[in-house]
Every structure is written in C-alpha cells, then in structure tokens.
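Thanks for coming. I'll go through one structure, a few residues at a time, and give the cut-offs as the terms come up.

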Amino acid sequence: MPDPKTRPAWQSLFAHAATLRPRHLRELFAEHPRRFEDFSLGSGALLMDFSKQRITRETLEHLHELARACDVEGWRERMLAGEHINHTEDRAVLHMALRAPATAALPTRGESVLPEVHATLARLREFCEAIHGGSWRGHSGDRITDVVNLGIGGSDLGPRMVSRALAAYQQPDLKVHYVSNMDGADLAPLLARLNPRSTLFVVVSKTFGTQETLANARTARAWLQAHVSRGPAVERHFVAVSSNLEATAEFGIPPANVFQLRDWVGGRFSLWSPVGLSIALAIGFHHFEALLAGAHAMDQHFCTAPARDNLPLTLALLDIWNINCIGAHSHGVFPYSQSLELFPAYLQQLEMESTGKSVDRQGQPMERKSCPIIWGSAGTNGQHSFFQLLHQGGQPIPCDFILLKEADFPLAGHHAQLLANGLAQSAALAFGQTAAEARAAGIPEALVPYRTFPGNQPSTTLLLERLDPGTLGQLLALYEHKVFCQAVLWNVNAFDQWGVELGKQMASQLLPSLQGESCPAHLDASTRGLLQALQ
Ligand code: F6P
C-alpha cells in the first residue's frame, strides 16, 4: 500500500515528468542561460554542477515537495537520536559519531557513544605510532614492513579504496596489502613475497564469521606458524577488528590486540571506525584524522544546510528523478582520477547493498524501482571501452563525473588534458551532435547516421579542489548521506542486507559434495550436473 502522505507528491512529480521527458538538454540550456548558476551547489572543497540534469526549476520544486512529504529531515533526526531505524536488525545507525568531536552529543537522545569512540581512536593512534615508530616488532624483533588487511565487503572495499586514493600520503617503509577473496590466487602470491618475521595481519570482520575472511586468516596463521620455530607469533603478528570478541579469542588473538566495533556501525559505513586501521597504517594517523574531519564537515553540512542548498539531499533527489521519472536502470560513476579508480567498486556496495531492495519498511512489495546498477571506472580509460554505449546505445544512463582541480601526481601537461576530456565527455553526452552539425562538419552523407549523437544523457559533475584526506572524507560522506536520503524517499531500510544470506547458506550446503560426499538428492538438475562434473 503506498503511503497516503507521500502519494500526492509522487503523483505530481510523475505528472510533471510526463511533460518534461520529451525535452532535450539543448532546449533546456537555450531557455535558461543561467542554468549553471541556478543548478550548482558548493560545500567545503566540493562544487556540484547538476545543470546537465534533465530538470527545470519546477522539477526541483516537485522533488523538494517529495522530500518534505517523505519527511527526510525527520528521519535524519531519528538517526541522530539513536532510534533503531535499522528495524529489521533492531539497531541504531550512528556512523556519524565515528567522526564527531569528543564534545558532540551522539546519539542526541540517550547515552553518548563519543567517549568510547574517542577512547578507541586513542588506542588506534597508539598502535599506529608503535608500528610506524618501530616499537611494535615481530616475534623475532624485526620491524613490521608489511601489513595485510584480511576482510571482505565493507571490511575491505572502503579501506582499500581510501588507501589507493591517498597513495600520495603513503607512509615510507610500510606496505599495506589487501586480500579479500577466498580464491587462493589472492593470498598465495602475496604470501610468497612476504617475510613472516616482519608481516602484520589485520583481520577485519564485524561478525568474525565470514567464510572468506576466516579462510584467509587461518591460512595466514598456518603460514606464520610454519615459519616460526618458537615464541608468541600470533600475538605479535595478528590484530583483529570485530564486534565478536569471543570468536577473536577463539582464533587466538589476545583481547589487547582487538579493536572493537559496535553494532550501530554497518559494514559499508565503517571505514571511519577501527575498520579503517589499515588506512591509518597506510597514511599515518594524523591523515586518518583529517579524513574523519572531512567527513564530519560534510555531516555538519548535511545536518544543517537548508534543503535547497543540501548537497546529499539534492544528489539523492536527482537520482530519484532519473530512476523513477526518466527510466534509468543504471548509473555510471567516472572519477577522472586514477587514484580514485576503486571508488566505483566501493560505491557499488554502498549503494546496491543499501537500496538494492524491493520490499519496503513495512514489509510490502515496493511500488517503485529503487537502486540502479552502479558501475564505472576511472577516466579517461572508460572512454576507450564502454563510452560508445553511453553516446549511441540509446539508453538513458545518468553519470557522475568527478574531477580534481589540482593533480595529486602532477606531470607537465597531463592534468589539463585529463580535465579537458572529463568536461568534453559530459558536454558531448548532454548535447550530442545533430545530423545537420555532422554535415556541416563535412561528414560524408553515407556516414551521417553513424556520426550523429543523440545526446540528452544526464550527468552531475563534482569538482573537488584536490584529493587529500579531508576532501576525500567530504566526498565519501556526501555519498553516504545521499544513500540515506534515497532510502527515506523509497521507504526502504538502507542498513540491512538480507539478500546476501541465501547464497551463503547454499554454499555451506554444497561444500561437503565438493569434499567427497555424494550430492544431496534435493538439488536442482543444473547444480547437480555441475557438481558431478567437478567431483
Ligand atoms: O555478505 C555481506 C556482508 O555482510 C557485508 O555487508 C559486509 O560488509 C561483509 O559481508 C563483511 O562482513 P564482516 O565484516 O562481518 O566479515
């Protein structure tokens, strides 16, 4: 049953969409020369240009009306208050507390979690300083030279992406590696290069029950023990980040080596927590603090900026428009920054695990489509592979372009070329090339149909002053809050992920058949056939 409070707002949005859908961005730009001034917003180091979206001022009126009807602000207050808005897991959602100053009060109702957050940060700082300063050593007295983060999903993607993005801040003399896949091809070649005397494993698993992470952690422990003839190897070479202290102890990691996670931090929102330990080891604790401060600045903006100036809310509303009104099924993300090459993969989990749902908060089938397929890669690489489809494939695919004003690795002439390409692509996608323009450019008549570009492909461009820990923190928190707003607008719980469970259960049921037992009789013909072929 659609919520009667929001029904009129959706209906008037759809009625407006029916009039605007046939219009081309060329016309919209011609009619409204101040589109850039009117459809761009800034906060901190970020400028967001959404003038190339297929909207008018009236569209924004309707979208903001929807946000009011869905009570986005009320839900934000509930989240801050510590209400269990993750209702299917009966949990609060307080990742903003992880980057808030000690003097803040979060949750706003009930006991503050800030003293614990800051005590944990102090422990993390002390640990990082011990590794960087060389006072924490391996069992044989060697300095730690390599850190291996063992985790998957939110316990891998965020930290891996941030460490990659901030490579310019990499600590000297310490290499940080990430291993997530249970495929031995991930861990084995790395172990072959590492020295067990100077390697530290950081096992990151909120549940400490995730098959992939435990398989890798056990293999790493066995590798270490095989190379160590005596002494307290595990306690000098393993630390854990988890909320399951019983399981970490059972694994053999002493409590002093465990950094605890609380249940009010969701995996895909956790890079600000001790899950970010490998980031802090990679870039140094003060840079990790700058990352937190950047995210906190975006939190402040999200919580205080009026709706019309609010970047996360605007980004969310534009997605709603593209998905539910323009009919987009997928969304491309193109950072014109090699350092941000892992950003699309990180966003895939953040968005698709949060809002890739078709049952609403009341347990009813949703009336509307929610999360599109998120994909992308660093520019300009994508231009030489899939951009063809964006230009002439005939499907509406909204895009986010992320450009850096300053290069993080400047090489003479490179950055201007990179920016020129990013700007050119968003303009070419928006405005295309008509047959008349192709002819005027001297294209032979036979080729005109192939050299015509329909355009009208919507995009938002995010311009970041530079890529540093603070600006990256702002960018990531922007997307986190966007996802929160989208979930409110679609009336889904962004913080559970029941959809990943079935496959995990089935894998445990199939495992014995791959270890020599006979196939269970109830299996479908396809799986049975494949298992038999493997046996
Ligand atoms: O299977 C999905 C998931 O639960 C993610 O939500 C989570 O980030 C990931 O697995 C890893 O979970 P954990 O940190 O408990 O190992």
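Asn 491 is partly exposed, because its relative accessibility is 23%. On that scale, buried means under 20% relative accessible area, exposed means over 50%, and partly exposed is what lies in between, using a 1.4 Å probe and protein chains only. Asn 491 lies in the loop between H19 and H20. Helices here are DSSP runs of H or I with at least four residues, strands are runs of E with at least two, and both are numbered from the N terminus. Asn 491 has a positive phi of about 65°, although it is not a glycine.

Before I go on, this is a predicted model, where local features need pLDDT of at least 70 and side-chain atom pairs count only at pLDDT 80 or more, while totals for chains, interfaces and linings use all residues. Residues are numbered from 1 along each chain as its sequence is written, and side-chain values use heavy atoms, with hydrogens and water left out.

Asp 90 is also not a glycine and has a positive phi, of about 55°. Asp 90 sits in the loop between H5 and H6. Is Asp 90 buried or exposed? Asp 90 counts as exposed, because its relative accessibility is 52%.

That loop between H5 and H6 also holds Pro 107. The peptide bond joining Leu 106 and Pro 107 is cis, with omega about 0°. A cis peptide bond also runs from Gly 379 to Thr 380, with omega near 10°. Thr 380 is placed in the loop between strand S9 (373-376) and helix H16 (387-392).

Next, charged pairs. Side chains of opposite charge can pair when their charged atoms come close. The rule for a salt bridge is a side-chain nitrogen of Lys or Arg within 4 Å of a carboxyl oxygen of Asp or Glu. How many salt bridges does this rule give? The count comes to 28.

One of them is between Asp 299 and Arg 99, with the closest N and O atoms 2.8 Å apart. Asp 299 is in helix H13 and Arg 99 is in the loop between helix H5 (72-81) and helix H6 (114-133), so the pair ties together parts that are 200 residues apart in sequence. Asp 299 counts as buried because its relative accessibility is 3%, and Arg 99 counts as buried because its relative accessibility is 3%. Elsewhere, salt bridges that share partners join Arg 23, Glu 27 and Glu 31 into one network. Within it, the closest N and O atoms of Arg 23 and Glu 31 are 2.2 Å apart.

Asn 149 is in strand S3 (residues 146-150), and it counts as buried because its relative accessibility is 0%. Where does the side chain of Asn 149 reach? It reaches the backbone oxygen of Ser 155, at 3.2 Å. That is a polar contact: a pair of N or O atoms within 3.5 Å, where within protein one must be able to donate a hydrogen and the other to accept it, and residues adjacent in sequence count only if both atoms are side-chain atoms.

Ser 242 belongs to strand S6 (residues 238-242), and it is buried because its relative accessibility is 0%. The side chain of Ser 242 comes to 3.2 Å from the backbone oxygen of Lys 206. Contact means heavy atoms within 4.5 Å. Not counting residues up to four places away in sequence, Ser 242 touches several residues, among them Ser 205, Thr 207 and Phe 259.

Which residues are closest to the ligand? Of the 14 residues that surround it, the closest are Ser 155, Ser 205, Thr 207, Thr 210 and Glu 353; a residue is near a molecule or strand if one of its heavy atoms lies within 4 Å of it. A polar backbone atom of Lys 206 is 2.8 Å from an oxygen atom of the ligand. A polar side-chain atom of Glu 353 lies 2.7 Å from an oxygen atom of the ligand. Taken alone, the ligand exposes 390 Å², and the protein buries 88% of that. Such accessible areas come from the Shrake-Rupley method with a 1.4 Å probe; for residues, only the protein chains shown count as cover.
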